[in-house]
Amino acid sequence: MHLQPDLILEQRDPKMKPIFWILTFECLTIVLLIALALSGFPTYLALKYKGGAYFYFVFTALGLWLTWISIRLLHRYVWDNNHLNHYKLHQDRIEYIQYDKKKRESFEDTIYLGEIEQIVIGRYYALYYYAYKKFSLTEHHSLAHILPCLHIVYSKNGKRNVVEIPIYEQNDMDIWLNKLSELGTPYRVFVNLLTNMNKEQRLEALANHDYSFPYSNNTPFRQACQQLDIQMNQHVQELVQRKSSSANDSTIQTTSSSSERGSSL
Amino acid sequence: MISDIFISKWHLISVACTLIALIGLWLGKYDRKTIIKSGIISAVFFYLWITFPVAVYTFDDIRAHNRMVRELDKNYEKDLAREPRNIMTAAMGTFYDDGSDNISIYVGNYSSKSTFRGSMKMTMVDKDNQVVKELVFKDLVIEPGEKTRVAKTVSSVKIDKYNYQFFSTEQKK
């Protein structure tokens with residue numbers, strides 16, 4: 001392995017836990033085998049009884065369709081499990097590779113610390129994360145987890161960009177925050193999830209300071225988390241109040257304007 | 001047989017499932033340690049998963065076999081009272097399963113020396129003395145002391161009585 005003395009932290013998205021991987025793979029393989037049998041069965045019948053079973057070729061169509069679906073799903077799962085986002089924090093830069101699972105493309109970039117404009121602590125929506133975290137029988141398994149993440153806004157060759165780095169271990173967050181604090185850029189905490197947004201939309205959302213507040217915690221992230229939750233809730237409540245009052249204002253305005261119009265009519 | 005619980009043709013399913021798991025782990029590019037560990041765990045899991053139902057069925061079979069052997073022994077006692085030189089006995093037992101009557105037919109060779117070669121005819125009648133079934137089993141070879149099932153059949157009509165006859169193809173020694 002190539003030695004990198006300036007490497008502070010290397011982080012890779014987790015692979016699916018073997019138990020869930022085997023379960024998924026078994027189920028899809030069994031579906032595939034059934035589909036293959038289904039598509040071959042009418043041919044077998046026709047050969048054995050010398051024709052007259054044309055009706056059963058409906059099953060061939062069904063079988064072939066199922067075969068196609070299961071092969072595609074198997075291929076997708078294997079691809080996803082072998083293309084894991086990868087982040088490296090160096091003394092002077094961040095390197096990352098991210099994969100677009102839908103388009104099956106990779107995006108690779110290096111951010112020099114000087115290029116960083118904004119660092120935002122956010123929340124990341126991890127769907128089916130139960131299949132990736134340490135497995136425990138006693139724990140309640142929810143379909144999705146909300147994990148902390150870092151949104152790093154940077155500008156390269158005059159083009160602004162943002163990268164979302166999910167944090168799977170809370171201790172890792174401290175390593176990131178400690179290193180990035182050297183930049184002197186104040187951290188902010190973003191209250192909304194930025195799921196299903198493209199880069200432009202995320203940049204726009206992060207630029208709106210209504211949805212974020214300054215992060216002022218010197219305790220380890222693990223301890224800060226609880227307080228952060230309370231702060232987030234407070235911020236959201238304030239935001240809702242502010243919005244509803246401004247909405248009331250605007251309704252008063254609209255009613256007054258309509259009444260004016262009404263009077264003018 | 002008790003040993004069928006631990007190794008039977010059904011266990012090929014667990015072998016196949018373990019193979020699929022190993023192929024999956026290999027395609028998923030897991031490290032060697034994970035492949036070995038998870039491979040062993042899944043092999044054990046699939047083995048137990050198959051063994052449990054096989055055990056239930058095997059115990060059922062053993063119980064049915066024991067019941068039929070008791071029936072044979074009872075018939076043999078009766079036959080012996082009629083014909084002291086008799087060595088062959090047959091028995092029929094009905095097992096209720098899924099609403100229809102599964103019939104099991106057994107024969108036993110009570111001799112300690114001579115092998116039986118020949119055929120057996122069994123006639124089953126209902127309670128109105130109507131013949132329901134007449135079965136002939138040819139080319140039977142029953143070793144001394146052997147008590148075995150020769151056929152399994154189904155009947156929609158309740159069998160009330162049955163009788164049997166053995167025809168040896170060999171000269172009596």
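Here is a tour of salt bridges and the places they connect.

A few ground rules: the model is predicted, with local features needing pLDDT of at least 70 and side-chain atom pairs pLDDT 80 or more, while totals for chains, interfaces and linings use all residues. Residues are numbered from 1 along each chain as its sequence is written, chains are lettered from A and ligands numbered from 1 in the order in which they are written, and side-chain values use heavy atoms, leaving out hydrogens and water.

A salt bridge here is a side-chain nitrogen of Lys or Arg within 4 Å of a carboxyl oxygen of Asp or Glu. The whole structure holds 14 of them over all chains.

**Stop one.** Select A:Lys156 and A:Asp109, whose closest N and O atoms are 4.0 Å apart. (Strands are DSSP runs of at least two E residues, helices of at least four H or I, both numbered from the N terminus.) A:Asp109 is buried at 15% relative accessible area, and A:Lys156 is partly exposed at 21%. Buried means under 20%, exposed over 50%, and partly exposed in between, with a 1.4 Å probe and protein chains only.

**Stop two.** Now pick A:Lys179 and A:Glu182, which meet in a salt bridge at 2.8 Å, N to O.

**Stop three.** Finish at A:Asp210 and A:Arg242, a salt bridge with 3.9 Å between the closest N and O atoms.
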